[in-house]
Structure formats: structure tokens, C-alpha cells
Amino acid sequence: MFRRRRPNEPPLDKGVIPWLGYALDFRDNSAQFLQKMQKKHGDIFTAQIGGYYFTFLMDPLSFGSVVKEARFKMGFEEFAHELVARVFGYHNISGDHKHLQTSSTKYLMGDGLLVMTQAMMENLQNLMLYSVGSRQGTNIWQQDGLFHFSYNIVFRAGYLSLFGNESAKQAGSTEKAKEMDRLHSEELFNEFRKYDRLFPRLAYAVLPPKDKLEAERLKRHFWNKLSVKNCKNKDNISGWISDQQKFRDENGMPEHMQDRFMFVLLWASQGNTGPSSFWLLVYLMKDPEAMMAVKEEIDNVIKSSGQVVKPGGPLLNLTRDMLLKTPVLDSAVEESLRLTAAPVLIRAVPEDMNLKMADGRSYAIRKGDRVALFPYVAVQMDPEVHHEPHVFKYNRFLNADGTKKVDFYKNGKRVKYFSMPWGAGSTICPGRFFAVNELKQFVFLMFTYFEFELLNPEEEIPPIDETRWGFGSMQPTHDITFRYRPRL
Ligand code: HEM
């Protein structure tokens, strides 16, 4: 209450409500709140939010001094453990964050990614090609919400690829096991969406009692469904999941706590990619030139792999190698993430320290405070860095010679962190290569196997739901209807 700004500290704004400070403004619309504060105080300021003092750094040229500062690492872990305990009921053991990183490098990148790409392909094909009946020779138009459709398919395929398939032996046959995969992943998705809707208010600890009970019920549902015991009966469990279980088991973690961790992993791995696949598709569908460029690239990649996808023929074998030959699609993916992925990066300050800005200014930051970056406002929407930042330009991240564009400037200086959908530094999303792969596989299959269009081509892209800023991929306020039918 008595805190005053000291010499060399950033501008301090405590708000008018004691202790709470700006908690409500931040919760209701973090982006708008930060834009207002940036206008009032400039590119660094300290705001009181729910009893904590957060120093927001809004100058992207200075992001390196937060992202690369080793002293923030410990602070982040403490903060993350607290949040995970509150929202998921999971209590960590020593070394488990480090192990998650090592295991993610092994199973979600490099050679591990080859295995995951194959698994994802098989699961996507099981869900997408079966559900439209293309194998049954029908080609009638079907209608769905594009957000629901994309999230549903990408969530379920991602979940099955990581957590494993029904055992063919127990099911009696491979076909029966595939059918069971389709049914139970659908059920899991429906329950997940209920939790997903409660999530922002759960994270801010503002759920009314009835919803709190529902969140508790859902958590238990997932602990049970994803339990180590149930996992043991699955086929094709990914190394990522089995390695996490093995590590915790060997380090004496009780089984019920391991079950809880499985839900943390489901959340981290499936909460963002589905919504992102929706934004990618909807932006492409509203931009005929982008649509054509991506379609042409996909057709060429398939053609040069020597495959012909035709009715009754073999399914498309989309390899990791093929997915590496798509600069246009890569740029479209990056652009849609720039527009719709909006994490807040928070670091706890372990000791009094100085934060150096790119222009030479230096600010004193107090022990116990938090430092935060919100790249969405600070850089992804900065018109100086990204011309017409609200417009989807599928080739924004493409040079004229077809290589990836990485040169973006502010005040004549090169901006290293020009878009940060994955966070950065020691906590950067370890699933990012797998996630981009998933998005591209989904788009490849949509373009290869289906005709699809918005039911009303004039309908605007739905706006972003402003209550979810800070949690990763944003979601739309409402769905948009589209129709699709098999090409083959
Ligand atoms: C479009 C999809 C995705 C987006 C936008 C996304 C974004 C993020 C962000 C912003 C963070 C926090 C970074 C930070 O605080 O600095 C994160 C963490 C994480 N993500 Fe992702 N992610 C996506 C997909 C995935 C997938 C598919 C997986 C796994 C298969 C995954 C696994 C994780 C894990 C385990 C963490 C925690 C890392 C840690 O604590 O060090 N993510 N993700």
C-alpha cells in the first residue's frame, strides 16, 4: 500500500483499488489494458495486479534482456508450479521440469518427430476420411462449424498420437480398434471443451461455486480416463508420454499424482493446436489468392513425391520430408499464429536486479516482483514491425526468392523477436515443431481430400474472444459455418 517509485525504477501505477490494483482490467481484457498503459507510461512500467507488482516490458528490441536472463529461470519454475498446482492439482517433484524438456527434445523433435508424424497421419486419416464417408463412395455436402470441426479433428488425432490407440488385440481387430478410437476420442473432446471454457476463470480463481464443482468433476474424469492404469492397455503410446510416466514412477511419485500429470500434458499438447488450425483455415478461406498459392504448393509437393491420390487408390503417404518443402504454407502458418497466438510470458524476480533496455536505459527491478512480456501487443501488432498488422498476409514471412523472411525492423533496428507464439528462452514451447507439423498435415489432408467453403462467403471472420488473452492460442467469440465434401 505504501510502495513508492524509487529512483531508477520504471513508472509505478498501483491503480485505485488497494491490493487488487488493475486485476480486473487485466483479467477482462489484458490486451486493451496493456495498450492503455503503454500509451500512458511508455514501453516499461510497473502495475499492481492482485497483490503483485508486474513490470511490463513493451519494447521488443529489449526482449532479449528478459528472455536470456538466467536468473529468471528459477523464478519461472516456482511460478509455473504454483499455477499447475492450483489449476490441475499436480504437485511436481524435483527435476521433473528438466526431464520434460529433455524428453520433449527426444520425442517431439528430430528423429522423434518422424515417428510422431507417421502416427499423426494415421490418426488424422482414421478420423477425417472415415467421418466424411469418402471411403464409402458418398460425396454429399456436410455442414459444421469450422472452429468445432478443426478443433475436434486436430485435438482427437493429436491425443491419439500421443496417448496411444485402443489395443487391436483387445478390440478383436484393427478395424474395431479404429472405431473405438473414433468413439472415445470424440467423448474425450466433448469433456475437454467443457473444461476449456471454464479455464480462464479457473486460472484467475474467479469461478462461481457451481462451475467450480463442474471443474472438479471434469478434472477427476480426465485423471481417470488418462490414468497410468488405463494407458497400460493401449497400443502405440508415444515415447513422450511413456517416458514421463517412467521417470515419475522411478522417482517414487504416487500413481494418482502421475495420473494428474497426464492431464497437464493433455492440456499443454491439445489446448492450442486445434484453435490454431481453425484460424489458419479460416484466414485461407477468406483469401482466394492465399488459398490458390497454398493449394498449388501442396499439389506440387505431392506430385514430386510420385504419388497420385485417386478414388480407391492408396492413401496419401505424407512424410516429414514432404512437409519440409512448403515455404508458402509455412509463412501462412506463421502469419495466422502472429494474429491469434497471444501468450503472456511471466518471470518472477529472485533478487534485486537491473533491466537493461536496448537504447541503454537501465531500470531497477525489486526482488519478489514479476516481469512480464505480452508480445501480441508489444510486437505482433506493432505497425512499425508488421505493416497493416491486423491484415492476414499469407506471404508476410516469405522473401521474394521463396526463402523464409526473418528480417523485421523497428526504429531502423532489426527485431529478433518479431513474433512469439511459442514464448521464448528456457520455457519456449517444446512441442512447437510437432504442432506446426500437425497444422500442416491437417491442411494437406483438407486440400487433398475435400472441397470446402464457407456457407456464407460474405460472413466476416469472427472476432477473438477477449477473455482468453495470455493463455496461448486465442479462440473466436462464435463459430462460422462451412460445408465440405470428399473430392474423391
Ligand atoms: C499452436 C500450438 C501451440 C502453441 C501456440 C503453444 C504455445 C506454448 C506457449 C506460449 C508455451 C509457454 C512458453 C513460455 O512460458 O515461455 C508453451 C508451453 C508448453 N507447450 Fe506448447 N504450444 C502449442 C502446442 C504444443 C504441443 C502440440 C505440445 C506437445 C505435444 C506442447 C507442449 C508444451 C509444453 C509441455 C509446455 C510447457 C513447457 C515448459 O514448462 O517448459 N505445446 N506452449
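Arg-370 sits in strand β9, which covers residues 370-373. In this predicted model, Arg-370 is buried, because its relative accessible area of 7% falls under the 20% cut-off.

Beyond its neighbours within four places in sequence, Arg-370 contacts Tyr-52, Tyr-53, Phe-54 and Thr-55, along with Phe-79 and Glu-82. Its contacts also include Ile-346, Arg-347, Ala-348 and Val-349.

## The sheet around β9

Strand β9 belongs to an open, five-stranded sheet with mixed pairing, ordered β1-β2-β3-β9-β6. The edges are taken by β1 (12-13) and β6 (345-348); each has a single partner strand, so one side of each has no neighbour in the sheet.

Further along, β2 (residues 44-49) and β3 (residues 52-57) run antiparallel and are joined by six bridges. One of the bridge pairs links Ile-49 to Tyr-52 in β3. Helix α2 (residues 30-41) lies across β1, β2 and β3, at about 130° to β2.

## The annotated positions

Where does UniProt place the feature "binding site"? The unreviewed entry puts it at Arg-86, Asn-272 and Arg-370. These positions span 285 residues in sequence and their farthest two C-alpha atoms are 24.9 Å apart, so they do not all gather at one spot.

Arg-86 is found in helix α4 (residues 72-88). Arg-86 is partly exposed, with a relative accessible area of 46%, whereas Arg-370 is buried. Not counting residues up to four places away in sequence, Arg-86 touches Leu-202, Ala-203, Tyr-204, Ala-205 and Lys-219.

Terms used. Residues are numbered from 1 along each chain as its sequence is written. This is a predicted model: local features need pLDDT of at least 70, side-chain atom pairs count only at pLDDT 80 or more; totals for chains, interfaces and linings use all residues. Side-chain values use heavy atoms; hydrogens and water are left out. Two strands pair if DSSP finds at least two bridges between them. Helices (H or I, at least four residues) and strands (E, at least two) are DSSP runs, numbered from the N terminus. Contact means heavy atoms within 4.5 Å. Axes are lines fitted to C-alpha atoms, for helices over the stretch in contact, and angles run from 0 to 180 degrees between N-to-C directions. UniProt positions are given in the numbering used here, feature names are shortened, and annotations may be inferred rather than shown by experiment. Buried means under 20% relative accessible area, exposed over 50%, partly exposed in between (1.4 Å probe, protein chains only).
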